[in-house]
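Work through the exercises below with the sequence and the model open side by side. Each task is followed by a worked solution.

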Amino acid sequence: MKHDDAKLLREVQRNTELGMTTIDTILDKIGNDEFSLQLSKQSLHYSEIHNKALDQILQNEGDVYRGSQISDIMLKGSIHANTALNVSKEHLAEIMIQGSNRGITSMWKAIKHNQLATDAAVELAQELVDFEQENIRRLREYL
């Protein structure tokens, strides 16, 4: 597997795992309504993109992304602290939008710094960017 492909696909995995962890943490704070359904659909799509990246890595015998438990604990702790006094849909949507914006920036950096990546890896990274942009568009209605 090309070095640039591996780095780009691991960044896709990292971003999708962050998205899924964030959603799982937030879903514990809200009821069963349209907003929670929207977030659940997003989480499902993150997992689909994550699995596509994993498939490409495994087909080319590359190393998969392995997140750390410390990072997960820090992310969850940050979300819990940020929502301790405010669990309104508006606030939770804002948290998700901020995360999607960070994900877009991270993916654009990864695409730019790994210009030798194959079309398949770049297309998957672009799919994630497009998905994040669509998430932001959908979440704006909850602000």
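**Exercise 1. The largest pocket**

Task: State the volume of the largest pocket and describe which residues and elements line the largest pocket.

Solution: 

Step 1. The largest pocket has a volume of about 390 Å³. On a 1 Å grid over the protein atoms alone, a pocket is an open set of points where a 1.4 Å probe fits, with protein on both sides within 12 Å along at least five of seven lines. Grid points are joined across faces, edges and corners, and the volume is the space filled by probe spheres set on the points.

Step 2. The lining comprises 19 residues, and the closest to the pocket centre are Leu18, Thr22, Leu75, Gly99 and Arg102. A lining residue has an atom within 4 Å of a point.

Step 3. Two or more lining residues come from each of α1, α3 (69-82) and α4. Helices are DSSP runs of H or I with at least four residues, numbered from the N terminus. The element that gives the most is α4, with eight residues.

Step 4. By class, the lining has six nonpolar, ten polar and three charged residues. Here Ala, Val, Leu, Ile, Met, Phe, Trp, Tyr, Cys and Pro count as nonpolar, Asp, Glu, Lys and Arg as charged, and the others, Gly among them, as polar.

The model is predicted: local features need pLDDT of at least 70, side-chain atom pairs count only at pLDDT 80 or more, and totals for chains, interfaces and linings use all residues. Residues are numbered from 1 along each chain as its sequence is written, and side-chain values use heavy atoms, with hydrogens and water left out.

**Exercise 2. Ser43**

Task: Is Ser43 buried or exposed, and which residues does Ser43 touch?

Solution: 

Step 1. Ser43 lies in helix α2. Its relative accessible area is 14%, so Ser43 is buried.

Step 2. Residues up to four places away in sequence are not counted; Ser43 then touches Met20, Ile23 and Asp24.

**Exercise 3. Aromatic pairs**

Task: How many aromatic pairs does the structure hold?

Solution: 

Step 1. There are two aromatic pairs. Rings of Phe, Tyr and Trp (its six-membered ring) pair if their centres lie within 6.5 Å; planes under 30 degrees apart count as stacked, over 60 as edge-to-face and the rest as tilted.

Step 2. Phe35 and Tyr142 have ring centres 4.7 Å apart and planes at 55°, so this pair is tilted. Phe35 is in helix α2 and Tyr142 in the segment after α5, 107 residues apart. Phe35 is buried at 0%, and Tyr142 is buried at 11%.

Step 3. Tyr46 and Phe131 have ring centres 5.0 Å apart and planes at 85°, so this pair is edge-to-face. Because Tyr46 lies in helix α2 and Phe131 in helix α5, the pair ties together parts 85 residues apart in sequence.

Note on methods
Buried means under 20% relative accessible area, exposed over 50%, partly exposed in between (1.4 Å probe, protein chains only). Contact means heavy atoms within 4.5 Å.
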